[in-house]
Amino acid sequence: MTTHPVSMPMTDELRALVAAYADAAPPRPSGGDAIVACDLDRTLVYSAKALALAGADADAPVLLVAEVYDKLPLSYLTVDAVALVQEMHRVATFVPSTTRTRAQYERIRLPIDPQYAVTTNGGFLLVDGVSDEDYHRAVLDELNGSCAPLAEIREHLEAIADPGWLRKLRDAEGMFAYLVVERAELPASVVRDLTGWAGERGWEVSLQGRKLYVVPRPLRKSRGLAEVRRRTGSTFTAAAGDSLLDTDLLTSVDAPVRPRHGELDDLDWTCPGLQVTTASGVLGGREVCARLLAAVR
């Protein structure tokens, strides 16, 4: 991951926004550090299709490009989110926590230089940008024998794939598989049947935008967060995410937040203490950041 050279100040408007969410945040113990674990896609950064802007174009928020792919902008975040993330990084340990592979994560340009990052849905813990091999080996040891092997999953996916809706079938660093699909052409029965089949083998299924993920159940972002917490001695945790692959993360923290869009919103998913934004799309991402900052301050 490269760092964006931009720095945005906390405006009076943003301070007031954060203060407005203070009452919704759980009490934080006095003393000790805090951790903020934040999902990336459709939680912090947004593709053009996921922006979900409403109203007049002239009223749209100012956006910063967060990712370039094949020489074209791919993901964005609001400049307000930049200021909020930078403030979170100042007062807490900010941990990007993503299902992206390490290579996909490296394309993201955040306005901070985080010490820790969790990638590949918890398969890797990056420390100052370098993979911690001891952590990764421990993950592999847990996966071995606790669920069906990736080869079996991939063979099944190849058998059920239909060129009418499948565009790509990929492995994520040997940890899990995902399919790029045409959502309009994908029958609901495929997701339903795959969820049942995979569940019997210790895997779970998550449909996010055009990507259909099949991930081993023991592979979880909360494992990476727990390791960061162990290393930092932090006494308070907050987290945000929008998909089924974020549920373990959200249920493991003191202050969980999710946006009013995405897979979890479609399912009306909740957990104790959960805050749900009032805004959706990229403005929901801005609100996610404000609520997280209110929690850790």
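**Exercise 1. Find where Ser234 lies, and say whether this residue is buried or exposed.**

Solution. Ser234 belongs to the loop that runs between H7 and E15, where helices (H or I, at least four residues) and strands (E, at least two) are DSSP runs, numbered from the N terminus. This is a predicted model, in which local features need pLDDT of at least 70 and side-chain atom pairs count only at pLDDT 80 or more, while totals for chains, interfaces and linings use all residues. Residues are numbered from 1 along each chain as its sequence is written, and side-chain values use heavy atoms, with hydrogens and water left out.

The next step is accessibility, for which buried means under 20% relative accessible area, exposed over 50%, and partly exposed in between (1.4 Å probe, protein chains only). Ser234 is buried, because its relative accessible area is 5%.

The last step is to look at the surroundings. Contact means heavy atoms within 4.5 Å, and, with neighbours within four places in sequence left aside, Ser234 is in contact with Asp33, Ala34, Ile35 and Arg229. Ser234 and Ala34 are 200 residues apart in sequence, yet their C-alpha atoms are 5.3 Å apart in space. The side chain of Ser234 is also joined to that of Thr232 by a polar contact of 2.7 Å; such a contact is a pair of N or O atoms within 3.5 Å, and within protein one must be able to donate a hydrogen and the other to accept it, with residues adjacent in sequence counting only if both atoms are side-chain atoms.

**Exercise 2. Work out which strands pair with E2, and in which sense.**

Solution. Begin with E2 itself, which covers residues 34-38 and has five of its five residues buried. Ala34, Val36 and Cys38 point one way from the strand, whereas Ile35 and Ala37 point the other way.

Now turn to the partners, remembering that two strands pair if DSSP finds at least two bridges between them. E2 pairs in the parallel sense with E15 (residues 236-240) over five bridges, and Phe236 in E15 is the bridge partner of Ala34. E2 also pairs in the parallel sense with E6 (residues 93-96), here over four bridges, and Thr93 in E6 is the bridge partner of Ile35.

These pairings belong to an open sheet of five strands in the order E6-E2-E15-E16-E17, with parallel pairing. E6 and E17 (275-276) stand at the edges with a single partner strand each, so one side of each is left without a neighbour in the sheet. E16 (residues 255-258) and E17 pair in the parallel sense over two bridges, and Arg258 stands opposite Val276 in E17.

**Exercise 3. Find the volume of the largest pocket, and name the strand that gives the largest share of its lining.**

Solution. On a 1 Å grid over the protein atoms alone, a pocket is an open set with protein on both sides within 12 Å along at least five of seven lines, a cavity is a set of points where a 1.4 Å probe fits but cannot get out, and lining residues have an atom within 4 Å of a point. Grid points are joined across faces, edges and corners, and a volume is the space filled by probe spheres set on the points.

The largest pocket has a volume of about 1200 Å³. It is lined by 33 residues, of which Asp41, Ser47, Leu74, Arg210 and Lys211 are the closest to its centre. E5 gives the largest share of the lining, four residues.
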